[in-house]
Amino acid sequence: MCTLEKRGNLFILTLTGEDQHRFNPDLISSLLDLLSQVKAQATSGSVLITLAQGKFFSYGFDLDWAQAAGSERGAAKRLQDMADLFKPVIATLLSLPMPSIAAITGHAVAAGFTLALSHDYLIMRKDRGILWMPEVDIAVTLPDYINALFKEKIGDASVRRDLFLRGLKMKGDEAEKRGVVKAAYDGEAEVREASWHGEVYAEIRKGLYPQLSAILGLSHKVYAIARL
Amino acid sequence: MCTLEKRGNLFILTLTGEDRHLFNPDLISSLLKLLSQVKAQATCGSALITQAQGKFFSYGFDLDWAQAAGSEQGAVKRLQQMADLFKPVIATLLSLPMPTIAAITGHAVAAGFTLALSHDYLIMRKDRGILWMPEVDIALTLPDYINALFKEMIGDASVRRHLLLRGLKMKGDEAEKRGVVKAAYDGEAEVREASVCLAENLGKRKWHGEVYAEIRKGLYPQLSAILGLSHKVYAIARL
């Protein structure tokens with residue numbers, strides 16, 4: 001389902017398995033649990049990378065589980081339950097005391113796209129994978145916190161319109177060009193590699209603001225083995 | 001003044017005549033009435049195109065009618081009246097249960113630009129016509145709902161500043177480049193054709209109109225609040 005690994009200053013949160021990593025109540029609980037652990041173990045210099053195995057980052061809420069309720073009303077309730085359970089996950093990411101990077105090597109759809117967008121930096125594949133909000137096509141409205149997230153993370157009103165009102169399936173190069181992701185690379189390995197260097201990124205950023213870093217009590221680490 | 005036509009799934013709202021299509025109380029009432037008809041007749045796959053004949057999309061509120069009040073106080077009152085009458089037009093467009101396109105083949109000024117901006121997609125001429133908010137030049141402030149509309153529809157703060165604080169007359173190619181319109185074309189026929197093409201493509205998606213409107217309102221929360229629009233949750237996914 002999902003695992004947490006620590007490598008030096010990096011916290012690596014992985015959605016495991018080759019499936020669609022659908023957010024059902026169990027997976028949402030696990031995510032919340034692991035993110036709370038990350039928050040608890042944070043030190044200055046920590047960085048979070050969230051990634052996924054297989055062809056999907058995540059395809060969003062588990063609509064099959066919702067429908068298994070057996071009635072329209074039951075399905076609507078289960079969907080609402082998942083939206084309510086997911087809100088603290090987003091809240092925890094927004095308040096995480098470290099830079100966060102989403103390494104998007106597969107399709108990030110609906111709540112999956114939402115999870116990715118809750119990170120500070122999005123890195124995506126150019127050659128595979130889409131960002132997609134299909135709610136307009138499946139005729140469901142969005143929870144208030146998801147509307148607010150997109151509004152505040154994506155400044156360009158026409159991008160938001162294309163994503164929400166047109167249900168645009170956005171590929172990596174367009175996402176990079178229109179500012180939805182920080183960068184897009186060809187290939188899964190390239191995306192992961194760019195993300196590892198998030199730790200270096202954090203160090204470089206701190207180097208830009210030495211007085212601020214000192215006042216904030218941030219420690220420094222030297223990376224001297226250049227990627228040549 | 002204005003007419004409504006239905007062509008298959010397309011609703012076509014036209015500001016008729018070669019004049020400046022100034023929004024006086026009569027025209028504003030007619031617009032509201034026709035848009036309410038569109039809302040009532042909406043089905044899955046509907047789309048709206050708003051367009052105008054002649055050299056003007058619309059030059060905004062009828063300031064001549066305002067001044068005909070005979071006194072400064074009277075003119076101010078008439079201007080306020082038109083702004084108040086116009087607000088439900090914008091509210092209806094924001095909650096219209098279908099995709100909306102403004103085909104801007106002439107000048108869209110002040111309330112005229114506002115009307116266009118209340119559509120999901122703006123298509124404009126490159127070779128003729130401007131978008132212009134002259135309020136700074138004629139020393140008038142903007143109603144709250146128009147401020148909110150510009151803020152939420154145009155994300156780029158420097159573009160908003162140029163339009164509202166600098167009274168920039170924006171031509172089609174700049175409007176397209178700066179994201180104020182979706183696309184700009186050379187020629188009136190090209191704009192109309194592109195609008196119909198876009199409307200048909202959007203209509204083919206067969207979106208659930210009420211949900212589409214709810215998602216639109218969710219995109220513009222502050223504007224929706226000022227317009228007094230209610231919200232409804234749709235939780236039963238169409239799978």
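Arg125(A) and Glu188(A) pair their side chains in a salt bridge with an N to O distance of 4.0 Å, where a salt bridge is a side-chain nitrogen of Lys or Arg within 4 Å of a carboxyl oxygen of Asp or Glu. The pair links distant parts of the chain, 63 residues apart: Arg125(A) is in strand 7 (residues 121-125) and Glu188(A) in helix 9 (residues 188-196) of chain A. Helices (H or I, at least four residues) and strands (E, at least two) are DSSP runs numbered from the N terminus. Over all chains, the structure holds 17 salt bridges.

This is a predicted model, in which local features need pLDDT of at least 70 and side-chain atom pairs count only at pLDDT 80 or more, while totals for chains, interfaces and linings use all residues. Residues are numbered from 1 along each chain as its sequence is written, chains are lettered from A in the order in which they are written, and side-chain values use heavy atoms, with hydrogens and water left out.

**Interface of chain A and chain B: extent**

- Contact (heavy atoms within 4.5 Å) involves 25 residues of chain A and 29 residues of chain B.
- The two chains bury about 2500 Å² between them, 61% of it on carbon and sulfur atoms; buried area is the accessible area (1.4 Å probe) that two parts lose on being put together, summed over both.
- In chain A, the most area is lost to chain B by Thr141(A), Leu165(A) and Arg166(A), together 28% of what that side buries.

**Interface: polar pairs and composition**

- Two salt bridges are counted between chain A and chain B.
- Asp137(A) and Arg205(B) meet through their side chains in a salt bridge (3.3 Å, N to O).
- On the side of chain A that touches chain B, the elements giving two or more residues are helix 2 (63-67), helix 3 (72-94), helix 5 (135-138), helix 6 (144-153) and helix 7 (157-164).
- Helix 7 of chain A gives the largest share of that side, five residues.
- That side of chain A divides into 11 nonpolar, six polar and eight charged residues; Ala, Val, Leu, Ile, Met, Phe, Trp, Tyr, Cys and Pro count as nonpolar, Asp, Glu, Lys and Arg as charged, and the others, Gly among them, as polar.
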